[in-house]
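Visitor: I would like to learn how to read helix faces and helix packing from a model. Please take me through a case.

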Amino acid sequence: AAYATVGQSDADKDTLLGRRAMAAAFFLDGEFDDAALYYESIEEIAKESEEQFDLNYGLTLAAIGKDDKALELLSKQQNSQYFTIIHRHWLARLYIRAKKAKLAFELYEKAEKNNPRTMILLRIIAHECFGVGEYQLAADAAKILMKEDPQSPLIQEYKTIYRAATAGATLKLRGKKVQPPKMAYEEGNG
């Protein structure tokens, strides 16, 4: 509410501060299309913190499916002090969608091991890679999940991804065209 109050005030609404505040207010409310409009309106103006702007704008664009620009913004800020695990997760998704799945796997390799958030990153990589037909990387990610997190309540999910991805990778190696099946979470089973 504080961001919206600043962004809508007569003194600030047409200023850089006001537009940043409205972008933040819409972002926090999950209204990413509106947030993107505000970010776009100030993109070329000198920014107080380019790193934070790029990261927030990158997440906003990723949320509305503007993957190319989101990938550009997030990847250039991955060494920023403001780059969080949320940014890392989205960057992995964006790399995979851009057919650069190996770069997503490198994000995992550089991440802190034995951290639950790193396991979430690996799970994202397994699912996203499987979804775009990068079966070998999906299998590799699932295999690591099975090894590193054998007591997880998700172990059956890891095994299913591993088996399906291994089968897909084998068929691809044999020159077969393979379409990934719908996963249970995509079919609305819950």
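Visitor: Start with H3. Which exposed residues does the face of H3 turned away from its buried side carry?

Guide: In general, an α-helix has 3.6 residues a turn, so residues three or four places apart point the same way. In this predicted model, the face of H3 turned away from the buried side carries Asp33 and Leu37, both exposed.

Visitor: And which residues of H3 are buried?

Guide: Helix H3 spans residues 32–42, and its buried residues are Ala35, Ala36, Tyr39 and Ile42. They cover an arc of only 130° around the axis, which puts them on the same side of H3.

Visitor: What covers the buried residues of H3?

Guide: The cover includes helix H2 (16–28) and helix H4 (50–63).

Visitor: Let me try the method on H7. Which of its residues are buried?

Guide: Look for a one-sided pattern again. The buried residues of H7 are Ala101, Ala104, Phe105, Leu107 and Tyr108. Their arc around the axis is only 145°, which puts them on the same side of H7. Lys102 and Lys110 are exposed on the other side of H7.

Visitor: Which helices do the buried residues of H7 pack against?

Guide: They pack against helix H6 (85–97), helix H8 (116–131) and H9.

Visitor: Take H7 and H9, then. How do I read the geometry of a helix pair?

Guide: Read the axis distance and the crossing angle together. The axes of H7 (residues 101–110) and H9 (residues 135–148) come within 11 Å and cross at roughly 15°. Angles under 35 degrees count as roughly parallel. H7 and H9 are therefore roughly parallel to each other. The crossing of H7 past H9 is left-handed.

Visitor: Which residues of H7 and H9 meet?

Guide: From H7 come Ala101, Lys102, Phe105 and Tyr108; from H9 come Leu137, Asp140, Ala141 and Ile144. The residues of this contact divide into six nonpolar, no polar and two charged. Note that Ala101, Phe105 and Tyr108 are also among the buried residues of H7, while Lys102 is exposed.

Visitor: Now H9 with H10. At roughly what angle do their axes cross?

Guide: The axes of H9 and H10 (residues 155–173) cross at roughly 150° and come within 8 Å. H9 and H10 are therefore roughly antiparallel to each other. H9 passes H10 in a left-handed crossing.

Visitor: Which residues of H9 and H10 meet in that contact?

Guide: List each side in turn. On H9, the residues are Tyr135, Gln136, Ala138, Ala139, Ala142, Lys143, Leu145 and Met146. On H10, they are Ile155, Tyr158, Lys159, Ile161, Tyr162, Ala165, Thr166, Gly168, Ala169 and Lys172. By class, the contact of H9 with H10 has twelve nonpolar, three polar and three charged residues.

Visitor: What about a single residue? Is His87 buried or exposed?

Guide: Check the relative accessible area, then the neighbours. His87 lies in helix H6. His87 is buried, with a relative accessible area of 7%. Leaving aside residues up to four places away in sequence, His87 touches Leu55, Leu59, Leu74 and Tyr82.

Visitor: Last, the whole chain. How many helices and strands are there?

Guide: The chain has ten helices and zero strands. From the N terminus on, the elements run α-α-α-α-α-α-α-α-α-α. Of the 190 residues, 38% count as buried. Among contacts between residues at least 6 apart in sequence, 45% join residues at least 24 apart.

Definitions and conventions
Residues numbered from 1 in each chain as written. Predicted model: local features only at pLDDT ≥ 70, side-chain atom pairs only at ≥ 80, totals over all residues. Heavy atoms only, no water. Buried < 20%, exposed > 50% of the residue type's maximum accessible area, 1.4 Å probe, protein only. Helix = DSSP H or I, 4+ residues; strand = E, 2+ residues; numbered from the N terminus. Arc of directions from axis to C-beta. Contact = heavy atoms within 4.5 Å. Axes fitted to C-alpha atoms, helices over the stretch in contact; angles between N-to-C directions. Parallel < 35°, antiparallel > 145°, perpendicular 65-115°, else oblique. Left-handed = near helix turned anticlockwise from the far one by under 90°. Nonpolar A, V, L, I, M, F, W, Y, C, P; charged D, E, K, R; others polar.
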